[in-house]
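Biologist: I am new to this structure. Please walk me through how to read its features.

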Amino acid sequence: MKNPTIFSLSNGIRVVHQQVTHTKIVHCGIFLDIGSRDEHEGNQGITHFWEHMAFKGTKNRKAHHIINYLESVGGDLNAYTDKEKVVFYASIRDAYFEKAVDILSDITFNSVFPEHQILRERNVILEEMSMYKDDPDDSLTDEFDEVVFKRHPMGMNILGSPHTVRNFKRNDFKKFLKENLRTNRIVFSVVGNIDQARVEKLAQKYLEVPTFIANPLRKKVTTTRASERIVRRQVKQSRAMLGGLSYSIHDKNRIPFSLLVNILGGPAMNSRLNAVLREKHGLVYSVEAHNYTFTDTGLFSIYFGTEPNKLDKCLALVKKEMLRLCETPLTTKQLSRAKEQMKGQLAFSEENKLNVMLMMGRAILDLGRVPTIEEVFMAIDDINPTKLLDISAKMFTDKKLSYLMMLPEN
């Protein structure tokens, strides 16, 4: 597969494109460097609400026209909001690629935020909040962000609060976009059987929008104190999440630490935590470890659910496995297997072209380039046992770990 091509439009929007000839599907998306961390307590949740409202009417289309525009030809139009990004994306047969670019541009830049739709969508988001609160796994994850990041915007719930969601008006959305939208921090990403000339032609036709030059001040994350929190919910299992700040996407230790997290509790059944907590002791159904990278920090976490009377034993076993990584270097054979496993997982992810499109868009925003999988493999191959011991000692020390436990009410 060829390396992607990158070019810029006159307004600063960057376009990254990778042609794949053995498919009839094209995936494309508009990536904006705006996320929930760009909010404050008074407008918490407005980014996510804006993502919803983008589908509710533009200067050119009513809501039902937006919904049917791609679905009527078998396509898919979607969006998501996270801490640092809003992404509007589509998947469609290559014959209808222009329709996808057209609708993505329209919902991104031409939303009109009809008042009656704001009232209607407000109820939808409040229901989304209720649904998330009924799912202890989702609510635990969001509350853990608050435990780690404290009152920093990174710790605020992406959905917002019932109070802020109930009070957003049309002018609030327009003000937020005016303060945060920058065309030089927007990327259009394309993967599919579309040649470069057609991508350039349609990008110029639909994405040469007026230049936006907002200058938002994104509050940086500083070191936070480790803390603990216990919450009581109507659940039968106890659930626990522990972890803390990790490395940013720009840090040279990001890939070695990701390898450590993968060894500890990655998606494979042979992870150390799964082998001990589930296979050896039968204490959990599943246990997971994750590492998320952001532009100026990272967040790693370990999660499991168990019977209330087994919670302390599970926590002790998790700490024991973390301590092993701090004190006992991996053998040459263990390290080789861990590296090959991680490289295999990355190679599998490249088979999903939607994932590739999403990865490319984020990479251009965060790094200004798209690292090749060979580059990543080389970085993995360069990892040595001494480096892993050093990182483990820094990251897995108990004084840096925050804890969140969800216990049954009774």
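This is a predicted model: local features need pLDDT of at least 70, side-chain atom pairs count only at pLDDT 80 or more; totals for chains, interfaces and linings use all residues.

Biologist: Are C314 and C326 buried or exposed?

Modeller: Buried means under 20% relative accessible area, exposed means over 50%, and partly exposed lies in between (1.4 Å probe, protein chains only). C314 has 0% relative accessibility, so it counts as buried. C326 has 19%, so it counts as buried too.

Biologist: Which residues have the most contacts inside the largest nonpolar core?

Modeller: A nonpolar core is a set of buried Ala, Val, Leu, Ile, Met, Phe, Trp, Tyr and Cys residues joined through side-chain atoms within 4.5 Å. The largest one here has 53 residues, and W50, L77, F88, F97, F173 and F188 have the most contacts inside it. Helix α3 (residues 97-109) gives the most to this core, with seven residues. Apart from it lies another core, of 42 residues, including C314 and F396.

Biologist: How many of the residues of α3 are buried?

Modeller: First, the naming. Helices (H or I, at least four residues) and strands (E, at least two) are DSSP runs, numbered from the N terminus. Eleven of the 13 residues of α3 are buried, so the rest of the structure largely encloses this helix. Among the buried ones are F97, D102, S105 and F109.

Biologist: How far does α3 reach from its first C-alpha to its last?

Modeller: The expected span of a helix is 1.5 Å times one less than its number of residues. α3 reaches 19 Å, close to the 18 Å expected.

Biologist: Which residues of α7 are buried, and where do they sit?

Modeller: In helix α7 (residues 170-180) they are F173, F176, L177 and N180. They cover an arc of only 95° around the axis, so they are on the same side of α7. That arc is taken from the directions from the helix axis to the C-beta atoms. The buried residues pack against α1 (46-53) and α4 (115-133). The face turned away from the buried side carries the exposed residues N171, K175 and K178.

Biologist: In which sense do β9 and β10 pair?

Modeller: Two strands pair if DSSP finds at least two bridges between them. Strand β9 (residues 287-293) and strand β10 (residues 298-306) pair in the antiparallel sense over seven bridges. They form a hairpin with four residues between them. V287 stands opposite F304 in β10.

Biologist: What is the phi of F113, and where does F113 lie?

Modeller: Most residues other than glycine have a negative phi. F113 has a positive one, near 50°. F113 lies in the loop between α3 and α4.

Definitions and conventions. Residues are numbered from 1 along each chain as its sequence is written. Side-chain values use heavy atoms; hydrogens and water are left out. Contact means heavy atoms within 4.5 Å.
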